[in-house]
Amino acid sequence: MQIDGARFLKDLHDLRAIGASGIAKGVVRPAYSAADIAAREWLADRMRDAGLDVRFDPAGNLWGIAKGKSLLVGSHSDTQPEGGWLDGALGVVMGLELARAAQEAGGPAVSVVSFQDEEGRFGVTTGSAIWSGSLSLDHADTLTDSAGTSFATARAAMSHLIGDFVDPAQFSGFVECHIEQGPWLDEAGQSIGVVTDIVGIRDMRVTFEGEQNHAGTTPMHRRRDAFQALSAFNTALNDRLRNVVTPQSVWTIGHVSLHPGAHSIVPGKVVFSMQWRDGDTARLTRMETVIRETAADVADATGMRLSFSEMLGLEPVAMDAQLRKALAQAAQQIAPDRWREMQSGALHDATNVAALMPAAMMFAPSINGISHTFYEDTHEADLLCGLNVLAAALPALAKAGGGS
């Protein structure tokens, strides 16, 4: 099977141009945006050129399906509001190149997927969660983004493309290739990471409601300032989690909305995102308890009304042993002693797909560990190394998954 590295890199750069930010190699292609839909239509054309049967499902997931039982390879092509050119796109374009090369060589059969809204505009890996059955389409339609737009409204922009859901039984297994999004491979001068497991995640919104008032005339001791409650919560939470977590545990307040958001008004309400991740389900639950109790204590101390949104999340997932072995053997062949086994601290679609079939992941290094930013990048030599490892592993991956 002959891999065309130049064709692969050209596709990556051509895809980057759709929604390009104009800063570094940045891309602005949020789920269901005009740029996201244009990118999916561009990918669909490339899939057709590769001889694949192209379909869009009701969630907006894009499929390029080979004939017969096949190995599924892919990731996602939507980005963060300020995203990089490789997060997700690498896995989709890598799958596309493998599918083309496999078609030209007469097998093994490779299908390609670009899942929708992996970046979580409406929750957590929305498109693959719907396809895997962990999230119903009806429930998903009620979810809203930070601007109040519903999932149902957003996906209506793709109504001219969508068809039926794809049957997972036609796939023997799933492999997702991705940039690491962390510093470990780059710092060690390594080119490949074979993922052992993906951490679990919990995500919800927290609301403190106090009292809106005049910023010049309201004495400090009389204020019920929602931002001060958030500040107190953040400080207390960091202290209280110390004896619960491990060095691999993380938690983030990533989005904050103050009301009314004026210079001369004491803010009466704050809504903020609360997300935490860990590889152990029991620890995720203990962290949740600490988060909720800390918020309640702060609300009582500051005179706030407290409420929580629905909590979304996924459990930690181990990758399939046989698929991991195939990737590890190929990594040692192509990049001897320049690879490692490692946990994924970032969430990926493979978490959902693993509920349906054997699933595995492979990482390429991120320069300086930078991702979710316009400055995300990976050396092209490492991108090509990842492609060559996956190509070398393909016969064993297809056999391990039961494909032809």
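Where is proline 108 found? Proline 108 lies in the loop between α3 and β4.

## Basis of the report

The model is predicted: local features need pLDDT of at least 70 and side-chain atom pairs count only at pLDDT 80 or more, while totals for chains, interfaces and linings use all residues. Residues are numbered from 1 along each chain as its sequence is written, and side-chain values use heavy atoms, with hydrogens and water left out. Helices (H or I, at least four residues) and strands (E, at least two) are DSSP runs, numbered from the N terminus.

## Backbone features

Most residues other than glycine have a negative phi, and most peptide bonds are trans. A cis peptide bond joins glycine 107 to proline 108, with omega about -5 degrees. Another cis bond runs from histidine 259 to proline 260, where omega is near 5 degrees. Proline 260 belongs to the loop between β10 (256–259) and β11 (265–266).

Alanine 24 is not a glycine, yet has a positive phi of about 50 degrees; its place is the loop between α1 and α2. Glutamine 181 likewise has a positive phi, of about 70 degrees, and is located in the loop between β5 (171–179) and α7 (184–188). With a relative accessible area of 19%, glutamine 181 is buried (buried means under 20% relative accessible area, exposed over 50%, partly exposed in between, with a 1.4 Å probe and protein chains only).

## Helix packing

The axes of helix α1 (residues 5–16) and α2 come within 10 Å and cross at roughly 155 degrees. Axes are lines fitted to C-alpha atoms, for helices over the stretch in contact, and angles run from 0 to 180 degrees between N-to-C directions. The two helices are therefore roughly antiparallel (angles under 35 degrees count as roughly parallel, over 145 as roughly antiparallel, 65 to 115 as roughly perpendicular and the rest as oblique). Asp11, Asp14 and Leu15 in α1 meet Ala39, Trp42, Leu43 and Arg46 in α2, contact meaning heavy atoms within 4.5 Å.

Helix α1 also packs against helix α3 (residues 89–105), at an angle of about 140 degrees and with the axes 10 Å apart. That angle makes α1 oblique to α3. On the α1 side the contact involves Arg7, Phe8, Asp11, Leu12 and Leu15, and among the α3 residues are Leu90, Val93 and Met94.

Within helix α2 (residues 34–49) lies aspartate 36. Aspartate 36 is buried at 0% relative accessibility. Not counting residues up to four places away in sequence, aspartate 36 touches Arg29, Pro30, Ala31, Ser77, Asp78 and Gln116.

## Aromatic rings

Rings of Phe, Tyr and Trp (its six-membered ring) pair if their centres lie within 6.5 Å; planes under 30 degrees apart count as stacked, over 60 as edge-to-face and the rest as tilted. By this rule there are twelve aromatic pairs. Tryptophan 63 and phenylalanine 115 form an edge-to-face pair, because their ring centres are 5.6 Å apart and their planes stand at 85 degrees. Tryptophan 63 is in strand β2 (residues 62–65) and phenylalanine 115 in strand β4 (residues 110–115), 52 residues apart. Tryptophan 63 is buried at 0%, and phenylalanine 115 is buried at 0%.

The rings of phenylalanine 208 and phenylalanine 272 are tilted, with centres 5.8 Å apart and planes at 40 degrees. Phenylalanine 208 lies in strand β7 (residues 200–209) and phenylalanine 272 in strand β12 (residues 269–278), so the pair ties together parts 64 residues apart in sequence.
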